[in-house]
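I opened the model and kept notes as I went. The entries follow in the order I looked things up.

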Amino acid sequence: MYADDVVILSENHNELQEMLNAVTEYGRDFNVRLSKEKSQVLVVNGDDSDDDRIWMASFTPDEDKHFREYGPHCEIGSFPKDFVYGPDDPDQDLSLIFAPDQKPKILLMGLRRSGKSSIQKVVFHKMTPNETLFLESTNKIESENISNSSFVQFKILDFPGQIDFFEPSFDSEKIFGGHGALVFVIDAQDDYMEALNRLHQTVLRAHKVNPNLRFEVFIHKVDGLSDDTKIETQRDIHQRANDELVDAGMEQIHLSFYLTSIYDHSIFEAFSKVVQKLIPQLPTLENLLNLFISNSGIEKAFLFDVLSKIYIATDSSAVDMQSYELCCEMIDVVIDISDIYGKDEGTQVPFDKDSSSIIKLNNATVLYLREVSRYLALVCILREESFDKQGLIDYNFLCFRKAIQEVFDVRKVQLQQQLTTSLPSPLLPPTHTNGPTT
Ligand SMILES: Nc1nc2c(ncn2[C@@H]2O[C@H](COP(=O)(O)OP(=O)(O)OP(=O)(O)O)[C@@H](O)[C@H]2O)c(=O)[nH]1
């Protein structure tokens, strides 16, 4: 967190000087200094010799590492942009859930300027929503592997709005094939008839190539719409899109709809749901979370991918947006505080598997965060009275973490078996298909 403007109020100039000294001293601890040029004295209801003064001061950067790290690049309430996970810890990492050649992919499609690149940049690159105003139009398919920066490993393909599926160079088999989801983005602030038409063509084409592909429709940019219009727009788009499928005799295709905006948490929530459907262990994770919360007096628990703030699983009670936002903000606070106070000389990583945090809110609610691995954090909401049994919660958490580790260990073993059976064994003599046999 970084605040760069300071106002000092004082009734006389001696006290003012003392306060100024204290602020200067404080700034020195953080390697920032007061800017003489940018600071001013305002005298309110008094003359220059004495009395009611307001001193307005502004910090300015020292040519210093600290400021470069936490200065203009750091947004309050979000990660520093250069935040990365710590070094690999193969014993603790739970990242191997897909074989390298079976990574799912998420295809981002939609008309031009519907907001595809913005979604990707905001969710996975910590770009602020306002910065997306300067994004240039995508004019070729852009592929990105999310595997290095996020717990869930997948590939995102951002398509240019004007792409033509019927061009010979468009390899439908390659693009729509495999395990994954197609996210179709519709700009809700624009006339959406053309987008619906495009959605219909895209879905038919993709389903023909790959009947297992999931279809997710983001009714996007809803920040500009009133609550009533949002609901009406969603109903209308839902109705029209499904009617068209019925008319085409393809009513078996299922479309899921989400109202999204990059200006609030709705885009993270929608993306969480898209990603969850691609995780084969989701039902197990959900069951473990149910068990954990029912035995610990917890009301809601989310398993978060720390960097993207996508939740990869939650218990089976309904998710309300406010709880999700609260938990996201808790992650931000923990990262920011750890980034300021958690780094010591030797370590550069502010967040690791032993990080934990408890925040008591003034409405008798407690937020409880525990790291599950380098990539995952469990964030829970509970009533203050349930937190009296913190020992029990801590113990249950350790059991929960162990169980999760086991789930992923099973997967690792399966993957290793798959890999070894697909490789020729070096102990066996090479097989001859057309030579003489003995
Ligand atoms: N109000 C609002 N504007 C948004 C939102 N998401 C994106 N935008 C804006 O929409 C404009 C287009 O965004 P892009 O992400 O470049 O759109 P695109 O779909 O990638 O466009 P092409 O690359 O041309 O296909 C930008 O000015 C964004 O700031 C949103 O949720 N709300």
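What is the mean pLDDT of the protein chain? I read a mean of 77, with 74% of the residues at 70 or more; pLDDT is the predictor's confidence in each residue, from 0 to 100. Over residues 55-97 the pLDDT is below 50, yet this stretch has 125 contacts beyond near neighbours in sequence (contact: heavy atoms within 4.5 Å). Residues 425-438 also stay under 50, and there the model has 0 contacts beyond four places in sequence.

Ground rules I noted: this is a predicted model, local features need pLDDT of at least 70, side-chain atom pairs count only at pLDDT 80 or more, and totals for chains, interfaces and linings use all residues. Residues are numbered from 1 along each chain as its sequence is written, and side-chain values use heavy atoms, with hydrogens and water left out.

I looked up an open sheet of 5 strands, order 12-11-15-14-13, with antiparallel pairing. Strands are DSSP runs of E, at least two residues; helices are runs of H or I, at least four; both are numbered from the N terminus. Two strands pair if DSSP finds at least two bridges between them. Strand 12 (311-314) and strand 13 (356-360) each have a single partner strand, so one side of each lacks a neighbour in the sheet. Strand 13 pairs with strand 14 (residues 365-371) over 5 bridges. Lys-360 stands opposite Val-366 there.

**Helix packing.** Helix 9 (residues 321-341) lies across strands 11, 12, 13, 14 and 15, at about 50° to strand 11. Angles run from 0 to 180 degrees between N-to-C directions, with axes fitted to C-alpha atoms, for helices over the stretch in contact.

**Core.** Which residues have the most contacts inside the largest nonpolar core? I noted Phe-271, Leu-303, Leu-378 and Phe-400, in a core of 66 residues. A nonpolar core is a set of buried Ala, Val, Leu, Ile, Met, Phe, Trp, Tyr and Cys residues joined through side-chain atoms within 4.5 Å. Phe-400 touches, among others, Leu-288, Phe-292 and Val-372.

**Salt bridges.** I found 10 (a side-chain nitrogen of Lys or Arg within 4 Å of a carboxyl oxygen of Asp or Glu). Lys-277 pairs with Glu-216, closest N and O atoms 3.2 Å apart. Lys-277 lies in the loop between helix 7 (266-276) and helix 8 and Glu-216 in strand 9 (residues 214-220), so the pair ties together parts 61 residues apart in sequence. Lys-277 is partly exposed at 29% relative accessible area; Glu-216 is buried at 1%. Buried means under 20%, exposed over 50%, partly exposed in between (1.4 Å probe, protein chains only).
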